[in-house]
Amino acid sequence: MSRDFARILDDLGTTNPFFSELKKRVVLNSAWKAVMGEKISKETYVCEGKDNTLEVWTENPVMRNDLRFMSSEILKKMEEKGFKFKKVTVKRLRGGTSGSAE
C-alpha cells in the first residue's frame with residue numbers, strides 16, 4: 001500500500017471508522033499476499049475473525065487441506081509481518097468471493 005493512500009485512510013479514519021477498517025483490511029491482504037504468494041492469494045480471501053483468528057476462505061478443497069497443515073507456519077510468517085493471530089481457521093468458500101460460506 002502506498003504511503004499516500006495509507007495517510008489518506010488514516011486521515012479519513014479519524015472521522016469515519018469505515019476507513020480505519022478498510023486500511024486494516026488492505027494491510028492484512030497485502031501481508032497475506034507477501035507471505036503466501038500470488039497464486040495462493042488469488043484463490044483465497046482472508047479476514048480477521050473473532051478472538052484474534054485469521055480466517056482463510058477458499059473454494060479449493062486441496063488448498064484448504066494444505067493451508068490447515070501449514071497453519072503454524074502461516075502464523076509465524078504473519079507475525080513477522082506484524083500480525084499476532086492466535087490461530088488460523090480455514091473455511092470453505094462457495095461460489096467465489098461473492099458466494100456463501102459454509
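Author: A polar contact here is a pair of N or O atoms within 3.5 Å, where one must be able to donate a hydrogen and the other to accept it. Please note that the model is predicted.

Reader: Which backbone oxygen does the side chain of Thr-53 reach?

Author: The side chain of Thr-53 reaches the backbone oxygen of Lys-50, at 3.0 Å.

Reader: And is Thr-53 buried or exposed?

Author: Thr-53 counts as buried because its relative accessibility is 5%, and buried means under 20%. Thr-53 lies in strand β2, which covers residues 53-58.

Reader: What is Thr-53 in contact with, leaving aside its neighbours within four places in sequence?

Author: Thr-53 is in contact with Cys-47, Glu-48, Phe-85, Lys-87 and Thr-89.

Reader: Turning to helix α5, which residues are buried?

Author: In α5, residues 71-80, the buried ones are Ser-71, Ile-74 and Met-78. They line one face of the helix, because they fall within an arc of 55 degrees seen down its axis. On the other side of α5, Ser-72, Lys-76 and Glu-80 are exposed.

Reader: What covers the buried residues of α5?

Author: The cover includes α2 (17-36), β2, α4 (61-69) and β3 (87-92).

Reader: What follows α5?

Author: Gly-82 follows α5, and its phi is positive, near 100 degrees.

Reader: Finally, how many helices and strands does the protein chain have?

Author: The protein chain has five helices and three strands, in the order α-α-α-β-β-α-α-β along the sequence. Of its 102 residues, 31% are buried.

Notes: Residues numbered from 1 in each chain as written. Predicted model: local features only at pLDDT ≥ 70, side-chain atom pairs only at ≥ 80, totals over all residues. Heavy atoms only, no water. Helix = DSSP H or I, 4+ residues; strand = E, 2+ residues; numbered from the N terminus. Buried < 20%, exposed > 50% of the residue type's maximum accessible area, 1.4 Å probe, protein only. Contact = heavy atoms within 4.5 Å. Arc of directions from axis to C-beta.
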